[in-house]
Amino acid sequence: MQSASTHCRQENEKGKTRKNLRSHVSRMEHQMDNLKAQPQLKPTSVRLQDNKISPLSGNPYFYCILTKSHFKPLYQVVLPSKLQQYLPSAMVPVELTFRNKSWKMYYYGDRGCKRFNMAWRHFVIDNKLKIGDGCVFELMESSPNILRFKVQVLNGDLPSDFISNIGESESSPIIID
């Protein structure tokens, strides 16, 4: 026969388990509601050929001109706020596709600065990117489990005079005539 204190302890544990389960279910329901509320991406079957630029499919995208912060030890790519409505607010695996190859990294959507992690450097190195090159990231899939971006790289070949000043300050913008 169980003592009263053992019975109370077991009931207390059952109560905690139920509370944890309800909390977990509530979070799952909230994530599902957020997923349903996200705009849907357009399916596409466009494949990039080697050095050709392909038209965007109509999915959300962002672009950046590569600066020192994309290359230095932080290797950061910060995603713009306009794209965040399509992205989960969690750390999620990312797959970048360019020239029929893929690179894996993580998206930090649960932080103040929503960005790719330092594994981005593998994409930079493998594709011999340099300061002044442009990248267009088109969101092809967004779920709580993975983000997939199709990337197009635009060769920037800027004169060396500009490269030393890119990204250093707002007082030294690049003006293109």
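In strand E5, Phe116 is the bridge partner of Tyr107. This is a predicted model, in which local features need pLDDT of at least 70 and side-chain atom pairs count only at pLDDT 80 or more, while totals for chains, interfaces and linings use all residues. Residues are numbered from 1 along each chain as its sequence is written, and side-chain values use heavy atoms, with hydrogens and water left out. Strands (E, at least two residues) and helices (H or I, at least four) are DSSP runs numbered from the N terminus; two strands pair if DSSP finds at least two bridges between them.

**Strand pairing**

- Eight bridges link strand E3 (residues 91-98) to strand E4 (residues 101-108) in the antiparallel sense.
- Within this pairing, Tyr106 in E4 stands opposite Pro93.
- E4 and strand E5 (residues 115-116) run antiparallel and are joined by two bridges.
- Six residues lie between E4 and E5 in the hairpin that they form.

**The loop between E3 and E4**

- The hairpin of E3 and E4 has two residues between the strands, and Arg99 takes a positive phi near 55 degrees there.
- Asn100 is found in the loop between E3 and E4, and this non-glycine residue has a positive phi near 60 degrees.
- The relative accessible area of Asn100 is 47%, so Asn100 is partly exposed (buried means under 20%, exposed over 50%, partly exposed in between, with a 1.4 Å probe and protein chains only).

**The loop between H2 and E6**

- Lys128 lies in the loop between helix H2 (120-126) and strand E6 (134-142).
- Although Lys128 is not a glycine, its phi is positive, at about 50 degrees.
- Lys128 counts as exposed because its relative accessibility is 69%.
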